[in-house]
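Work through the exercises below with the sequence and the model at hand. Try each task before reading its solution.

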Amino acid sequence: MSENQKKYNVAIAGATGAVGGAMLDVLDRRDFPLKELRLLASERSVGKKLLFRGEEIEVQLLSKDAFKDIDIALFSAGATRSFDYAPAAAAAGAVVIDNSSAYRMDPDVPLVIPEVNPHAIAQYTNRGIIANPNCSTIQMLVALKPILDKVGIKRLVISTYQAVSGTGAKAIEELDSQVKAYAAGKSMDASVYPHQIAFNCLPHIDSFLENGYTKEEMKMVNETRKIFEDDSIGITATTVRVPVFYGHSESVNIETKSKITAAEVKELLSSAPGVKLVDNTDDLKYPMAIDCAGEFETLVGRIREDESIDNGINLWVVSDNILKGAALNAVQIAETFIAEYK
Ligand code: A2P
């Protein structure tokens, strides 16, 4: 950050949560040009102090009056809070970057991944709100964008293996305490998830809908179409919660419009923004959740042709769901916003 660079007042709504904490970390790691950092959460956290760049900042109450003089408000306190407070933040003059699902499918609100559709940020003027996509969608589209641009995409078949941190701080504690209870030969309590998550896989993320899919699965369908600006892409997803703390993994089967070889996909992804190619099976190198924690890049590997169809490619895509899936993407939107529009 240079001395005479313009600096901004930033608020984090939900600063005490899993994503809020990562937002603090990302602002620091990326040397974001900050003037004031205002930390907001519920009454439970008021007065609590969080450390940022060696300084203690006291948490204040998230309220409609909390956004005076704020330039950018990063929201990650759940959809209800976004519905309740984001319009007030926008009315106070802030641009809201909302990590919840509240406004993602609102036609007036841009849904943005900076590596994929930065141009959409221009629509922030409609409501003063920019939506951050769902974590599973973000990492998948970072990997798919170069393929879309090169050969087009007809259909996607996705299975996800999603970490508990996507549910929030309480779910991290639940997995931890179940593993410890198991090791101590005690019974395991489940309250965040409807079933035991330790040593288990739950084919159930978010609530079930009438069509038999979960909301999480339909987020992947609808958000992908919105971001790629193409409702004709066929998409079917199965989203699964697995006993991993950080890092979502995804199997993505792509039917492209014209032929592309696995070697060409590797070449494309080796220089794609936000992607790190990890694909050397001779050395047993492939993306793994334990390697992505704390990383800004999305890891892609196991690239191979789907031999059951003419134009098919398989990918294994792994990313830190709290970083690229949430906090990092939000801060990147803020960076693009200040560079292009402020
Ligand atoms: P608090 O810690 O005060 O409850 P996570 O997704 O990790 O569970 O984090 C949720 C975040 O949203 C936390 O910062 C939490 O603050 C905040 N939050 C939850 N409910 C409210 C509320 N009613 N008003 C303001 N902030 C809230």
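**Exercise 1.** Decide whether α5 is mostly covered or mostly open, and name what covers the buried residues.

*Solution.* This is a predicted model. Step one: count. Ten of the 14 residues of α5 are buried, so the helix is mostly covered. Step two: list them. They are E216, E217, M218, K219, M220, V221, E223, T224, I227 and F228. Step three: find the partners. The buried residues of α5 pack against α3 (135–151), β9 (153–162), β10 (234–241) and β11 (248–256).

**Exercise 2.** Is Q178 buried or exposed, and what does it touch?

*Solution.* Apply the cut-off: buried means under 20% relative accessible area. Q178 has 1% relative accessibility, so it counts as buried. The buried residues of α4 also include A171, I172, E174, L175 and A181. List the contacts, leaving aside neighbours within four places in sequence: Q178 is in contact with M188, D189, A190, Q196, I197 and A198.

**Exercise 3.** Describe the largest pocket: its volume, its lining and the helices that supply the lining.

*Solution.* Rolling a probe the size of a water molecule over the atoms shows where empty space is left. The largest pocket has a volume of about 1400 Å³. Its lining holds 47 residues, and A77, G78, G166, T167 and G168 lie nearest its centre. Sort the lining by type: 17 nonpolar, 21 polar and nine charged. Trace it to helices: α1 (18–29), α2 (79–91), α4, α5 and α8 (323–340) each supply at least two residues.

**Exercise 4.** How many residues make up the largest nonpolar core, and which have the most contacts inside it?

*Solution.* The largest nonpolar core has 57 residues. F67, F75, L144, L156, I254 and L315 have the most contacts inside it. The largest share of this core, nine residues, comes from α3. Another core lies apart from it, with 39 residues, among them Y8, L24, L37 and V112.

Definitions and conventions:
Residues are numbered from 1 along each chain as its sequence is written. This is a predicted model: local features need pLDDT of at least 70, side-chain atom pairs count only at pLDDT 80 or more; totals for chains, interfaces and linings use all residues. Side-chain values use heavy atoms; hydrogens and water are left out. Buried means under 20% relative accessible area, exposed over 50%, partly exposed in between (1.4 Å probe, protein chains only). Helices (H or I, at least four residues) and strands (E, at least two) are DSSP runs, numbered from the N terminus. Contact means heavy atoms within 4.5 Å. On a 1 Å grid over the protein atoms alone, a cavity is a set of points where a 1.4 Å probe fits but cannot get out, and a pocket is an open set with protein on both sides within 12 Å along at least five of seven lines; lining residues have an atom within 4 Å of a point. Grid points are joined across faces, edges and corners, and a volume is the space filled by probe spheres set on the points. Ala, Val, Leu, Ile, Met, Phe, Trp, Tyr, Cys and Pro count as nonpolar, Asp, Glu, Lys and Arg as charged, and the others, Gly among them, as polar. A nonpolar core is a set of buried Ala, Val, Leu, Ile, Met, Phe, Trp, Tyr and Cys residues joined through side-chain atoms within 4.5 Å.
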